[in-house]
Amino acid sequence: MLADPLNSRAILIGTYAYASLGDLPAVRNNVEQLCELLTEDKVWGLPPEHCTQMLQWDNAAKVVEAVKRIAAAATDTLVVYYAGHGLTVSPSMDLCLSLPDSRVNEIHTTLPYDWLRQAVRSSQALRKVVILDCCYSGRAMPGMSAPTEIAQDAEIEGTYLLAAAAETKKALAPPGESYTAFTSELIQVMKNGIPDAGELLDMDAIYRHVHAALAGKSRPLPQQRNRNTAARITFIRNRAVPTDSDATPDSTTPTERKGLAESGLAHALRLKAQMTGDNKLIDDAINLYRRVLAASRLESADHAKHVANLGDTLRFRAEVTGDRASLDEAIELLRTAVVAAPEGHLDRVFCLTSLGNALRLRAQETSDSASLMEAADILRAAVESAETGRPDSAMPLQSLGGTLWGISQINEDAGIEEAIGAWRAAAMTVGAPTRLRIDAARQWGEAAADHGGAAAGREALSLAVSLMPHLAAWQIDLLDQERQLSDFLGLASDAAACHLAAGDPHAALRVLEQGRGVLLNRIMEISSESASLRGSAPELADEFEKLRTILSAEEGAADGGDGFREAPVVVSGQALDRRHAAARRLDELITRIRQIPGFEGFLLPPTVEELARAAEAGPVVTVNVSRYRSDALILSSDGLSVLPLPALDIETVRRRTSEFLAAVTPTGHAFQDRISGQLTIRDTLTWLWDCLVEPVTEALGYITRPVDGQAWPRIFWCPTGLLSLLPLHAAGHHDLASDPTARSVMDLAVSSYTTTVRSLLRSQSGAGKAAAAGAQRFLVVSVSHGDGVVSLPGAEMEARRLLEHFPHATHFSDQYATRATVKNGLSTNEWVHFACHSLTELDHPVNSGLLLSDGRLAVRDITRLRYQFSPKLVYLSGCGTAQSGTRLADEAIHVSSAFQVSGFEHVIGTLWPVHDMVAASMAEAFYSQVHAGLADPAFAIQQTARWLRDRYPAAPILWAPMIHLGMSRGSPNESSPMVESPASEAMVAFMPQDRSRGTVTGTAVPVANER
């Protein structure tokens, strides 16, 4: 409906005479004519006092204050127009609006567009329209000059933005004409209307008409950007439609409104089908698109788009199902769409790209080279129709690259360079969808590496990795972040391998740190850097913490009562807008914080020199496996060195990992199955030693076992990809009968793990030998009984034994161990021990968690915990609490890493399911060493494993699952004797009986009766 003129305001800003720049007399005409039209009853009917002209204002601050004051009075619609010279100022190249005394490259003489944007944002108006008629006005579009890659982050919420020219183009003020080129067409729309467009004109209709008119005159083309339904903002009556009514409710017919709604629903169904693999949703989308097309008029501006939507979705169905009839129909429809979208049509690029993709699919399915050649020609035409550098050029460029690469495979490398160039151009298109840019950069890098050697792929793959954090933007649901990141397993490793091939290990480590652990590192850095900010800028720290809390609350608001979510949250439009607004404000705040001296690197990845501090207690070994090469990057007090690992190849790692995961999560209880599984685990430990761990220990000089009174050396393992699922800490030959020297890392050094080097760097602060547990605030949580799970008598015994040692500990057991009480207890205790079932969701690890009496304490809950004291140790005596899924191996999301990034200095977790009584026995042995301060947690858990290994060397499934995450330091007391556990005899029960503490769901087979 028409915007209410009584509750709306228009602000028309113009600068036409300059001291140092060329005069623009047409600008004055623009402003005066627009004001006359907007106040005319047959156009909008804005009261004259509600339309403000601001001509030749020479003070930027006064302009902003005036805009704020006038905007505050608008509650329905706010329209802000500017005309004059547009300037860009080095080095940021941000858009600046000129004032009468403005000079080139002197920002203090201009009105920075961002100032105007902030003023508009302050308005409470439901709808906002910003119209910029100046050179380079496209730079106001998010993704052009804004610091973020997520286009919506920098937008004014609920605003429609119309710019006269692209970010690199000049607007036009034709000599001798009364108005500037762009505003002239806008004025013509207001004066004459648009035939056959309805009684009211929304912004999208105005944009399309102005775009077509300017294209027909070969003049600079306008750009638009809008949030949600902002393109439907309506404040102009269509004078081409005779009417006696001052205002009509809606310009679209019921059929047209239904078509728009059905088209949007069909698009949503297709996206959901792509996410879930549910082919029925594709059929539903196709049926909706058919209805939309059947109701579409041939002369409608949207007709070509409706045809192309149906054709492209049919192509998608053919791609997924192999249905040849769908593909044939798709190609026929898309040829029709191209005809309906001639040169200059807004949807021509989409129509051509869709046809090219359909022809390429036909070539793949039928080996029809003619279709492949035609696809290349069609896609070249699509690229030519798209303006260079504009976001809509990226899709045809990416498709063209894939098509040309296909041609090169059948025609002796013909077209390889053009394919690489197309992928490169797509990847470099700022403002294009982040996912598309990453895909294009990966294709570019892999093609360059295949064609010119691994080193040739480093630029492209590094670009792809640098974009990955944008897939985890603040406003995106955690499950959606998981889904998007899961498609890029190994990308960072490939980029690192290319840098190593080029002889640049520092770049290799940087790219690994940037492209792995994206989700949890973001959470960790927010927490740690917020504390440092408070000391220098407490007001900014308060604002930062407030926005962080809003985003966490919004993200978690729709969790079920048990902390579990099967799908991304469906939220109201208002809630989504709040989340986007908070995300945008947080990005803007981060930009401001980085302007404070000493905070230039706020929330940016640390440099290699900064990372080197993590190696003060011992070398940090990042193991990288790629299809190009495999290496250990050893960060030590001497610097960064590279150890090639030629015996470690990616295909063997994949096979070994699959076999190992099947062995530690057996599907049956047959004796032969367990024996086979044990042999697989032992064989895996031997292979890890021979191919990886032994070369590393030799390079470090760890050759002999430390003697009594000598501190054990440390190794901090940072495995990448699938290696993060394997027990590097237990690698070795453990057959004591045939090899008394026991060549294994357990007998040479103390192993700890870290998801990334920077997470270890964070845990380094305050780390050292553990203080006596009895002197700490200690919480014990045990759940031995629960609905739908096997009872855990070992958990009850484990808690009882701990309370005998630490009588002052707080204990929550069974029905008292609720999510609320445990969260509260976590906030007030420094040492925490869990003995309960856990559940590991390999496909959605943010849903993994500890099973309490009333539900799950999930990863998503743990990462939001806040502590009154600095938390020291959490011991997770449950199944697979340090186990991640194969799809998200590079993210290393599990219960243990969640506790680490939430602030715990030491975390003890498990790589696979553990037997109930074995878990109780290991906990007893562990605490016998640490409660008196005799050893730090890393040494204690390793010695516990060695103690069990010496008794049951043939059963590594018993003694190898426990790992330590965090910082660790040696001491001379580390040769202290092991205290025997009274529960040790219960371990022999493991072979005939299976009572374990958890369940694994997802890509692994569920295992019952385990912690």
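In what order do the six strands of the open sheet lie, and what kind of pairing do they have?

Analyst: This is a predicted model, in which local features need pLDDT of at least 70 and side-chain atom pairs count only at pLDDT 80 or more, while totals for chains, interfaces and linings use all residues. Residues are numbered from 1 along each chain as its sequence is written, and side-chain values use heavy atoms, with hydrogens and water left out.

The open sheet has the strand order E2-E1-E3-E7-E8-E10, and its pairing is mixed; strands (E, at least two residues) and helices (H or I, at least four) are DSSP runs numbered from the N terminus, and two strands pair if DSSP finds at least two bridges between them. At the edges lie strand E2 (51–55) and strand E10 (223–226), each of which pairs on one side only. On average, neighbouring strands of this sheet are turned by 10° against each other, direction ignored, where axes are lines fitted to C-alpha atoms, for helices over the stretch in contact, and angles run from 0 to 180 degrees between N-to-C directions.

Strand E1 (residues 9–14) runs parallel to E2 and is joined to E2 by five bridges, with Gly14 standing opposite Leu55 in E2. Helix H2 (residues 60–71) packs on the sheet, where H2 touches E1, E2 and strand E3 (77–83), and the direction of H2 makes about 165° with that of E1; contact here means heavy atoms within 4.5 Å. Helix H3 (residues 113–121), in turn, lies across E1, E3, strand E7 (127–133) and strand E8 (159–163), and runs at about 160° to E7.
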